[in-house]
Amino acid sequence: MGAKMVDFNGWDMPVEYPAAIGCGIINEHMAVRTGVGIFDVSHMGDIRLAGPQALAAVQDISMNDAARLAVGQAQYSALLYPSGAFVDDVIVHRLGEDEYLLVINAGTREKDFNWVRDNTGQFDCTVENLSDDFTQIAIQGPKGVDVLQKLTDADLSAVKFYWVTRGTVCGLKNILIARTGYTAEDGFEIYVPADEAGSARVWKEILSAGKEFGLVPCGLGARNTLRLEGKLPLYGHEISDTINVWEAGLDRFCKMEKPEFVGRPALEKAKSEGVTRTLVGLEMVERGIARDGYKVLDSGGREIGYVTSGSPAPFLKKNIGLAYMPPEFAALGASVKVEIRGQGVGARVVPTPFYKRPKKNL
Amino acid sequence: MAYPTDRKYTKEHEWIQASGAAAAIGITDHAQESLGDIVFVELPTVGSELAAGKTFGTVESVKAVSDLYAPASGTVTETNAELATSPEKVNKDPHGSWMVKITLKNPGELDRLLSAADYEKFVAEEAGH
C-alpha cells in the first residue's frame, strides 16, 4: 500500500501509510480517535495453556488474578521475573473452562514462550506457541464496532470491553474476536488463520467495509502515539527486566492477595522498602519535543531521571512524555526540565493517562 | 516531480535560492515527503553564522529529529516565524516555505551544488536502492 516500512524486531512493518491515501501518522492517529483505523498486529505472539491445571499455571506466572475471569473474559496482566521485574506485559484471555490464551509482544515472543514453558512444567497443562498460526488485525476507534459488525454474524453489542466471542468473520468460521486493543479507544482484535491469501482478503474486506466510516490503515507510528496518550506501557520503555511493578505504577493489575506467584516475594519486600523512582507524565511547557531516552533535569539543571517515551500527541496537540524520576520530584504540577540537544527545556508533571476516551451514553 | 529551476539543491535535500548576495534556504519536496508530518522546526537566530555543509537547525516529524545542513556559508538575516506556529506549511508547500534567509559569504559555493535536473536524478537513484 506504499507504506514507509521499518524493521521492528525482525518484522517488516509499516510506520505510516502514504499521505496520498489520506494517511500519515497524524491522520491515522486522528482516525482512530474519531472514527476507525486498522492495524496488522500479527507480529504479536500467542501462547495457549490448556488442561486441568491451566488456571493454576497462569496464576503462578502472571501477576493479575486470572481466577476472576469468566469464560470469554480477558484481563491485562504481566509475567514477572523472581525479582518482581517484567518478562513482558500480556493480555490473558480465558477461552474455555481450562483454556487460556496469552497475547504477548512481538519482540519477546521467543523469550516469553520459553519462560512460560520452563516455568509451568509442574502443572498439568499443555503450553503451545500459536504465534505463527494467526494473523491478528486490530480494528480500533469509536466506529470500529460498526465496521466489524458488517463483516461478522457475532452480535458485537453483546461483547463488553475486555471480553471475547467467536463468530464467522469475512466468511471464516469460528474466529476469535476480542474487544481489546492498544489505542485507549473502543475496538476489536480478530485472530484469523495465518495463510497469506486468506489474510490479505480479510484485510481488503475490512478496508472496503470501512470506507463509509473513513477507515484508514495505520502503522507503528500511530500505534505508538495512540498508546502513549493513553499511558499504555511499552516493553523496553516503561516496563523491562530492570523495572518492577511498583515503579511502573501497575499496582492495580498486581493482586498481592494471590498467595503465590513468580515475583511475589520480591514485590512484597520492594513494597516495604518503597520506590526510588516512579513513572510520571510530563507535558512540555516550553517549545520542544521530549523523546525516548532524553534526560530529565530538576530546575537547577541536575539530572534526576529520563524519558521512557516521548512524542508529539496528535489528538491532545501537546508534546508529552512518560519519565522515571524520584518520587520527591513527581508531585502534580511540579516543574522539571527535559534536556533537548544540550538545553534544558521546561516541562511539568501532569496527571495520567493524558487521554481517556469519552464514556458512551448508555 | 519537476523541481523548480530557479534554485540549487544539495544531497541533504535542501534548496537554496539566491538573488545576488541574498539567499533563501528550505527543504525539498522529497525531504518533506520522507519526513512525514512536520511538527517542529528549530532555526538559528538572526546574526548566526552558517558554514556550508554544517548543521544549522533541526526539523522534527512525529517520529524523528532531522538535522538541517547549510547549503552555503553566510549570515542569517531572517528566519521564517510562521514555521514556529505552522510547521505543516513545510509539508504543504516545501519549495515556497523558506526557513532562513542569509547573506552569502561566498556566492561561488553555489556552483558546486546540484541543478534541478541533477537533484531529480539523485533522488531517483536513491530510491532505486
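**Exercise 1.** Classify A:Cys170 as buried, partly exposed or exposed.

*Solution.* A:Cys170 has 19 C-beta neighbours inside 10 Å and therefore counts as partly exposed. The rule is as follows: a residue is buried if 20 or more other C-beta atoms lie within 10 Å of its own, exposed if 12 or fewer, and partly exposed in between, with C-beta atoms placed from the backbone. Next, locate the residue: A:Cys170 is in the loop between β10 and β11 (172-178) of chain A. Strands are DSSP runs of E with at least two residues, helices are runs of H or I with at least four, and both are numbered from the N terminus. Finally, consider the backbone: phi of A:Cys170 is near 50°, a positive value in a residue other than glycine.

The model is predicted: local features need pLDDT of at least 70, side-chain atom pairs count only at pLDDT 80 or more, and totals for chains, interfaces and linings use all residues. Residues are numbered from 1 along each chain as its sequence is written, while chains are lettered from A and ligands numbered from 1 in the order in which they are written.

**Exercise 2.** Describe the backbone and the surroundings of A:Tyr162.

*Solution.* First, A:Tyr162 is not a glycine, yet its phi is positive, at about 70°. Second, this residue lies in the loop between α4 (144-151) and β10 (164-169) of chain A. Third, A:Tyr162 counts as partly exposed because it has 16 C-beta neighbours inside 10 Å.

**Exercise 3.** Identify the peptide bond between A:Thr352 and A:Pro353 as cis or trans.

*Solution.* Omega is about 0°, and the bond is cis. A:Pro353 belongs to the segment after β19 (343-350) of chain A.

**Exercise 4.** Describe how the two domains of chain A meet.

*Solution.* Begin with the division: domain 1 comprises 4-43 + 133-229, and domain 2 comprises 276-350. These bounds come from an automatic or database domain assignment. The C-alpha centres of the two domains lie 32 Å apart. In the contact, 8 residues of domain 1 meet 7 residues of domain 2; two residues are in contact if their C-beta atoms, placed from the backbone, lie within 7 Å. On the domain 1 side, α1 (25-34) and α6 (220-229) each supply at least two residues.

**Exercise 5.** State how many residues each chain gives to the contact between chain A and chain B.

*Solution.* Chain A gives 10 residues and chain B gives 7. The elements of chain A that give two or more residues to this side are β2 (11-16), α1, α6 and β16 (303-313).
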